[in-house]
Amino acid sequence: MSTLNPWDVARAQFFEAADFMGLDEGYRKILAHPKRELIVHFPVQMDDGRVEVFTGYRVQHNIARGPAKGGIRFAPDVNLDEVRALAMWMTWKTAVVNIPYGGAKGGVRVDPHRLSPRELERLTRRFATEISILIGPERDIPAPDVNTNPQVMAWIMDTYSMHKGYSVPGVVTGKPVEIGGSKGRLEATALGSFYATLEALKRKNLPIEGARVSIQGFGNAGQYAARIFSGAGARIVAVSDSRGGVVNPKGLDVQRLLEVKKNEGTVVAYEDGEKVGPADVLEVDCDILIPAALENQITKDNADKIQAKVVVEAANGPTTPEADRILHERGVLVLPDILANAGGVTVSYFEWVQDLYSFFWDHARVREELRKVMERAFHQVFDKVEHLNVHPRLAAYVLAIERVVEAIKIRGIYP
Ligand code: NAD
C-alpha cells in the first residue's frame, strides 16, 4: 500500500506531541534520535553447503526508565528506519503502561518461510551472538514479533546462556513456559487489546456482545484477537492474511478459521465467505476494526472508507498521520498502538519479573495483573484526552513523553 517511511511517521508523531507540549529543545533533540544502533552482516551455512550473508539490526531508542525492551522480527523488507521507528514506539509504549523499561527493536532481513528449520536455527543463533554485545537481562531484552515465536526465543536464550556458561532465562521474553516463559504470554497482545477495547466500548455505549469485528493479519495478534473477541460474544465478520481475506457478514467460525490457517497456510481457503484482497477487510462494514498485520495500512487513500466505530491498533504503526486526522474528524475512535498492543510487552515484563525471582504465577494472576495495567493505562490516556481535548494518540504520546522526560530530568545529562 503506502511507501511511507515508518521512521518519518514515528518522528512526525513525536514532533506533533512535542510541539503540542512545548517540549524543551534539548529533550526534543535527545528523543528524536535513537540512543544506539547496531547493524550486523553475518554468514549462515545453508543446508546445501552454500554460505549466505544476512543483515540484521538492533536499535535501542531510549533507556532512561529501565533496560531496553522490544521484539525481533524476521522479514524480507526489514530495514534500519523501520527498526528505529519500532524502537521509538517501544519507548512510548513501555511508558504509557508505566513498566520500568526503555524501548528497543531488532530485525533480520530474511524471508524465514524460505529457510529449513535447521537454517532458521543457525540464523537465529548467529544473530543472537552478533547482538550479544548489547542484549542481557539488565540491558536489553528481546521478544517475539513478526515471524518470530517462542522457539526462536528459546534459541536466543540458549545461545546467550551457552556463551555465559549458565542459564539466563531473563535475556528474552516470549519463551516457552518449560524454560522460564510466562503463562499467558502467547495471547497477551490480543488480550491487552481486548481489555482496552472493553473500556472504549463503554465510552461509546456499545456492548461487546454482537459487535462486528474485522481483523487484518492472522498471526499471533490476529488469531488470538479472533478467539478472545468471539469468546466474549463478538461476531468476526472478516479476516485476512498476506495472501488475502474472507468476509461473511453473518460471522466466520473462528475454530474453522484456525484449522484452515493451520492446514492450508492461509485464511483464503476458508469455505463459507466472499474472498477479498488482504487490505479489503479494512473497509468492510463492522463496529471494531483490528489491524494486526503491518505498518501503513490505513492511509489517506482509504481512511474515509473505514466503516468501523472503533479502530484497535494491535499492529504497530498501522495508521499514517494523515489517516489519523481523517479518522479523528470522522469521529472514529482510534486506540493507538502504544496503548492498544501494550499487553504483549506488559506480560513480557511479568515474564522477566518471574524469571528474576524464579517464582512463577498461574494463568489467572497473569490475566488479572494485565487487566489492571491495561485499564489503568486506558484511563490515564483518556483523562488526558478529556483534559487536553486532543485525540487519543496525541494524549498517549503526551503521557509517555512526560514520563520519559521526567526520568531523563531526574537522572540529569551525563557528565
Ligand atoms: P505474525 O507474524 O504472527 O503475524 C502477522 C500476520 O500478518 C500474518 O498472518 C501475515 O500473513 C499477515 N500479513 C502480513 N502482511 C499482510 C498484509 N499486507 N495484509 C494482511 N495481512 C498481512 O506477527 P504478530 O506477532 O501477530 O504481529 C502483528 C503486528 O502486531 C505487528 O505490527 C507487530 O509489531 C504487532 N505486535 C505484536 C506483538 C506480539 O506480541 N506478537 C506485540 C505488539 C505488537
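Helix 11 and helix 12 pack at an angle of about 130°, their axes lying 10 Å apart. Helices (H or I, at least four residues) and strands (E, at least two) are DSSP runs, numbered from the N terminus. Axes are lines fitted to C-alpha atoms, for helices over the stretch in contact, and angles run from 0 to 180 degrees between N-to-C directions. Helix 11 and helix 12 are therefore oblique to each other; angles under 35 degrees count as roughly parallel, over 145 as roughly antiparallel, 65 to 115 as roughly perpendicular and the rest as oblique. Their crossing is right-handed; a crossing is left-handed if the near helix is turned anticlockwise from the far one by less than a right angle, and right-handed if clockwise. Gly343, Thr346, Val347 and Phe350 of helix 11 make the contact with Val366, Glu369, Leu370, Val373 and Met374 of helix 12, where contact means heavy atoms within 4.5 Å. By class, the contact of helix 11 with helix 12 has six nonpolar, two polar and one charged residues. Ala, Val, Leu, Ile, Met, Phe, Trp, Tyr, Cys and Pro count as nonpolar, Asp, Glu, Lys and Arg as charged, and the others, Gly among them, as polar.

The model is predicted: local features need pLDDT of at least 70 and side-chain atom pairs count only at pLDDT 80 or more, while totals for chains, interfaces and linings use all residues. Residues are numbered from 1 along each chain as its sequence is written, and side-chain values use heavy atoms, with hydrogens and water left out.

Gln354 belongs to helix 11 (residues 343–357). With a relative accessibility of 1%, Gln354 counts as buried; buried means under 20% relative accessible area, exposed over 50%, and partly exposed in between (1.4 Å probe, protein chains only). Apart from neighbours within four places in sequence, Gln354 is in contact with Ser182, Phe359, Phe360 and Trp361.

Helix 12 also meets helix 6. The axes of helix 6 (residues 188–204) and helix 12 (residues 363–388) come within 9 Å and cross at roughly 45°, which makes helix 6 oblique to helix 12. This crossing of helix 6 and helix 12 is right-handed. On helix 6, the residues that take part include Leu191, Tyr195 and Arg203, and on helix 12 they include Arg367, Phe378 and Glu386. The contact of helix 6 with helix 12 comprises, by class, nine nonpolar, two polar and six charged residues.

One consists of seven strands in the order 9-8-7-6-10-11-12, with mixed pairing; two strands pair if DSSP finds at least two bridges between them. Strand 9 (274–276) and strand 12 (333–335) are its edge strands, each pairing on one side only. Neighbouring strands of this sheet are turned by 20° against each other on average, direction ignored.

The other open sheet has five strands in the order 1-2-4-3-5, again with mixed pairing. Strand 1 (36–45) and strand 5 (140–144) stand at its edges with a single partner strand each, so one side of each has no neighbour in the sheet. On average, neighbouring strands here are turned by 25° against each other, direction ignored. Helix 3 (residues 80–96) packs on this sheet, touching strand 1, strand 2 (51–62), strand 3 and strand 4 (103–109), and its direction makes about 155° with that of strand 4.

| Strand pair | Sense | Bridges |
|---|---|---|
| Strand 10 (residues 288–291) and strand 11 (residues 310–312) | parallel | two bridges |
| Strand 6 (residues 212–216) and strand 10 | parallel | four bridges |
| Strand 3 (residues 68–75) and strand 5 | parallel | five bridges |

Within these pairs, Leu289 has Val311 of strand 11 as its bridge partner, and Val213 has Ile288 of strand 10. The bridge partner of Ala68 in strand 5 is Asp140. Strand 10 is covered on both faces: Ile288 and Ile290 on one side, and Leu289 and Pro291 on the other, are all buried.

Some backbone details remain. Asn296 has a phi near 55°, a positive value in a residue other than glycine. Asn296 lies in the loop between strand 10 and strand 11 and is buried, with a relative accessible area of 5%. Asn147, in the loop between strand 5 and helix 5 (150–164), has a positive phi near 65°. At 34% relative accessibility, Asn147 counts as partly exposed. The peptide bond from Tyr414 to Pro415 is cis, with omega near 0°; Pro415 is found in the segment after helix 13 (392–411).
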